[in-house]
Amino acid sequence: MPVTLESVRFRYDPHGPDILSGVDLTIPDGQMIALVGPSGSGKTTLLQLIGGILKPTAGTIRNTTAPGDMRWVFQTPTLLARQSVRHNIDIAVVSCPWSRSERADRVEEMIRDVRLEDFADMPVNRLSGGQQQRVQIARALASKPPLVLADEPTGQLDHTTTGVVMDAIRAARDRGTTVVIVTHDMYVAGLCERVVTLEDGGVSGDRMTGGMTRDVTGNMAGEQTDGADHGQA
Ligand SMILES: Nc1ncnc2c1ncn2[C@@H]1O[C@H](COP(=O)(O)OP(=O)(O)O)[C@@H](O)[C@H]1O
Ligand SMILES: [Mg+2]
């Protein structure tokens with residue numbers, strides 16, 4: 001199990017309220033899991049605890065992935081603003097144990113996967129927010145990491161582009177990458193195999209979906225219709 005949380009409590013301020021007041025969660029290898037819940041319910045906090053950016057106030061967190069092997073997609077893109085799309089993705093694979101041509105091929109593959117071929121040589125600060133988000137996703141997946149932690153990765157994307165990005169994330173999952181996606185988009189959640197709902201400081205829902213069989217390459221007509229019972233952010 002790459003990630004296990006036991007009775008995790010967390011507060012930012014020692015004199016403030018518990019943001020998380022007892023979370024138990026086990027994420028098996030290779031699972032693609034959505035973390036949903038109302039705005040302010042602690043989704044970003046929980047992701048940062050899983051990734052080791054924050055330390056729990058009480059309880060234990062085990063994450064078998066070395067910090068250097070995890071890849072993040074932050075809510076606000078953190079890219080080298082004046083560098084090209086290609087360069088931003090390229091630096092994610094420099095330390096991969098691949099040949100120079102394998103690395104170059106992988107970068108071009110990622111550029112195609114997120115449909116940024118026409119922007120590959122452009123500095124990222126000239127791209128839209130949604131395009132920058134796609135660069136970030138390409139960068140996160142490029143090294144074929146064992147664990148990807150993504151915070152609202154499709155927050156600035158339209159439905160078509162969301163489908164494109166989710167295809168890329170699912171391809172990573174199919175190769176064995178464990179993926180945790182914080183989202184308030186029920187369509188995105190439905191594409192994950194498991195949906196965990198966070199509410200009132202704890203896990204209020206945890207269900208498997210049929211999501212992994214859904215076809216996202218076609219039109220979006222088959223949107224989530226299973227009466228998702230969890231809150232929206
Ligand atoms: N750095 C921080 N310092 C103090 N409180 C914070 C900080 N970050 C988030 N919070 C609070 O923690 C709660 C959960 O926030 P967050 O994890 O960002 O929720 P979500 O991602 O579900 O919207 C909110 O009440 C938020 O105001
Ligand atoms: Mg958040």
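I began with the contacts of Phe10: leaving out residues up to four places away in sequence, Phe10 touches Asp18, Ile19, Leu20, Thr45, Leu49, Leu54, Pro56 and Thr57. Contact here means that the C-beta atoms of two residues, placed from the backbone, lie within 7 Å. The model is predicted, so I note that local features need pLDDT of at least 70 and side-chain atom pairs count only at pLDDT 80 or more, while totals for chains, interfaces and linings use all residues. Residues are numbered from 1 along each chain as its sequence is written, and chains are lettered from A and ligands numbered from 1 in the order in which they are written.

**Entry 1: Phe10 and its sheet**

I looked up where Phe10 sits and found it in strand S1 (residues 3-10). Helices (H or I, at least four residues) and strands (E, at least two) are DSSP runs, numbered from the N terminus. Is Phe10 buried or exposed? Phe10 counts as buried because 22 other C-beta atoms lie within 10 Å. The cut-offs are 20 or more such atoms within 10 Å for buried, 12 or fewer for exposed, and partly exposed in between, with C-beta atoms placed from the backbone.

I then checked Thr57, which is 47 residues from Phe10 along the chain; their C-alpha atoms are separated by 4.7 Å. On the S2 side, Phe10 stands opposite Leu20. S1 and S2 run antiparallel and are joined by 6 bridges; two strands pair if DSSP finds at least two bridges between them.

The sheet is open, with 3 strands in the order S2-S1-S4 and antiparallel pairing. Strands S2 (20-27) and S4 (58-63) are at the edges with a single partner strand each, so one side of each has no neighbour in the sheet. On average, neighbouring strands of this sheet are turned by 15° against each other, direction ignored. Helix H1 (residues 43-50) packs on the sheet and touches S1, S2 and S4. The direction of H1 makes about 125° with that of S1. Axes are lines fitted to C-alpha atoms, for helices over the stretch in contact, and angles run from 0 to 180 degrees between N-to-C directions.

**Entry 2: strand S7**

I moved to strand S7 (residues 178-182), where 5 of its 5 residues are buried. Which residues lie on each side of S7? Thr178, Val180 and Val182 are on one side, Val179 and Ile181 on the other, and both faces are covered. In a regular strand the side chains alternate between the two faces of the sheet.

S7 runs parallel to strand S3 (residues 32-36), with 4 bridges between them; Ile33 has Val180 as its bridge partner. Strand S6 (residues 147-151) also pairs with S7 in the parallel sense, over 5 bridges, and Leu147 stands opposite Thr178.

**Entry 3: H4 and H5**

I looked up how helix H4 (residues 129-142) lies against H5: their axes come within 11 Å and cross at roughly 5°. The two helices are therefore roughly parallel, the term for angles under 35 degrees. Gly130, Arg134, Ile137 and Leu141 in H4 meet Thr161, Val165, Ala168 and Ala172 in H5. These contact residues divide into 5 nonpolar, 2 polar and 1 charged. Ala, Val, Leu, Ile, Met, Phe, Trp, Tyr, Cys and Pro count as nonpolar, Asp, Glu, Lys and Arg as charged, and the others, Gly among them, as polar.

**Entry 4: whole chain**

I noted 6 helices and 9 strands in the protein chain. Of its 233 residues, 41% count as buried.

Conventions
Angles under 35 degrees count as roughly parallel, over 145 as roughly antiparallel, 65 to 115 as roughly perpendicular and the rest as oblique.
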